[in-house]
Amino acid sequence: MLSAALMTALAGCASPRATRTAGSQKTWSGRLALQVEGDPPQSFHAGFELTGQPAEGELRLTSPLGTLLALVQWSAEGATLTQGSQVTRHASVEDLVTTLGGAPLPVKALFDWLQDQPADVPGWSADLSRLSEGRIVAQRQSPTPLANLRIILDP
């Protein structure tokens with residue numbers, strides 16, 4: 001469940017509905033759903049708030065009631081995942097996602113997609129045609145496991 005949550009969170013992180021915060025950091029929030037056709041298949045749904053950029057940022061995953069499920073923070077020094085009192089550290093946000101989800105996610109491309117910029121990522125395609133409505137769909141066709149990420153941004 002955690003791996004799917006993290007993958008989902010990183011994969012569905014923003015839109016033109018971004019707001020400026022201190023230090024010129026953008027913040028995106030909404031809901032995301034991730035389905036991974038692995039063995040076993042995984043499915044995850046969560047609220048999210050993403051602040052930052054590919055090089056440095058923070059992702060909060062929440063339950064439907066607003067309870068913090070996980071906090072992911074990353075910078076040039078590495079990445080941490082905090083769940084309750086448990087903290088795990090990784091060399092990068094990409095390593096953290098790969099370790100937890102069993103498959104890499106294109107973090108830089110996610111930020112590009114959320115800002116309505118195309119990104120060429122082998123194996124991935126993103127439908128940005130409904131971004132003005134706050135919706136993004138990204139699919140991973142190869143390599144396996146196949147994945148489907150859906151994001152609905154807050155107005």
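Biologist: Which residue in S5 does arginine 60 stand opposite?

Modeller: This is a predicted model. Six bridges join strand S4 (residues 56–62) to S5, and the two strands run antiparallel. Across this pairing, the residue in S5 that stands opposite arginine 60 is leucine 71.

Biologist: Which residue in S6 stands opposite leucine 71?

Modeller: S5 is also joined to strand S6 (residues 78–83) by five bridges, again in an antiparallel arrangement. A hairpin of two residues connects S5 to S6. In S6, the residue opposite leucine 71 is threonine 82.

Biologist: Which glycine takes a positive phi in the hairpin of S4 and S5?

Modeller: The hairpin of S4 and S5 has five residues between the strands. There, a positive phi near 95° is taken by glycine 66.

Biologist: With which side chain does arginine 60 meet in a salt bridge?

Modeller: Arginine 60 is partly exposed, at 32% relative accessibility. The N to O distance is 3.2 Å, and the partner is glutamate 58.

Biologist: How many salt bridges does the structure hold?

Modeller: Besides the two already discussed, glutamate 133 forms a salt bridge with arginine 130, with the closest N and O atoms 2.9 Å apart. Glutamate 133 is partly exposed at 43%, and arginine 130 is partly exposed at 39%. The total for the structure is three.

Biologist: What is the geometry of the aromatic pair of tryptophan 74 and phenylalanine 111?

Modeller: A search of the whole structure finds three aromatic pairs. In this one, the rings lie 6.4 Å apart, centre to centre, with 70° between the planes. An angle over 60 degrees is the criterion for one class, so the pair of tryptophan 74 and phenylalanine 111 is edge-to-face.

Biologist: How many residues apart are tryptophan 74 and phenylalanine 111?

Modeller: Tryptophan 74 belongs to strand S5 (residues 68–75), whereas phenylalanine 111 belongs to helix H3 (residues 107–114). Both residues are buried. The pair links distant parts of the chain, and the separation is 37 residues.

Biologist: Why is the pair of tryptophan 113 and tryptophan 124 classed as it is?

Modeller: The ring centres of tryptophan 113 and tryptophan 124 are 6.2 Å apart, and their planes meet at 50°. Tryptophan 113 lies in helix H3 and tryptophan 124 in strand S8 (residues 124–127), so the pair ties together parts 11 residues apart in sequence. Tryptophan 113 is buried at 3%, and tryptophan 124 is buried at 11%.

Biologist: Which residue forms one aromatic cluster with Trp74 and Phe111?

Modeller: Trp74 and Phe111 already form a pair with each other. The cluster also takes in a further tryptophan, Trp28.

How values were computed: Residues numbered from 1 in each chain as written. Predicted model: local features only at pLDDT ≥ 70, side-chain atom pairs only at ≥ 80, totals over all residues. Heavy atoms only, no water. Phe/Tyr/Trp six-rings, centres within 6.5 Å; stacked < 30°, edge-to-face > 60°. Helix = DSSP H or I, 4+ residues; strand = E, 2+ residues; numbered from the N terminus. Buried < 20%, exposed > 50% of the residue type's maximum accessible area, 1.4 Å probe, protein only. Pairing = 2+ DSSP bridges. Salt bridge = Lys/Arg side-chain N within 4 Å of Asp/Glu carboxyl O.
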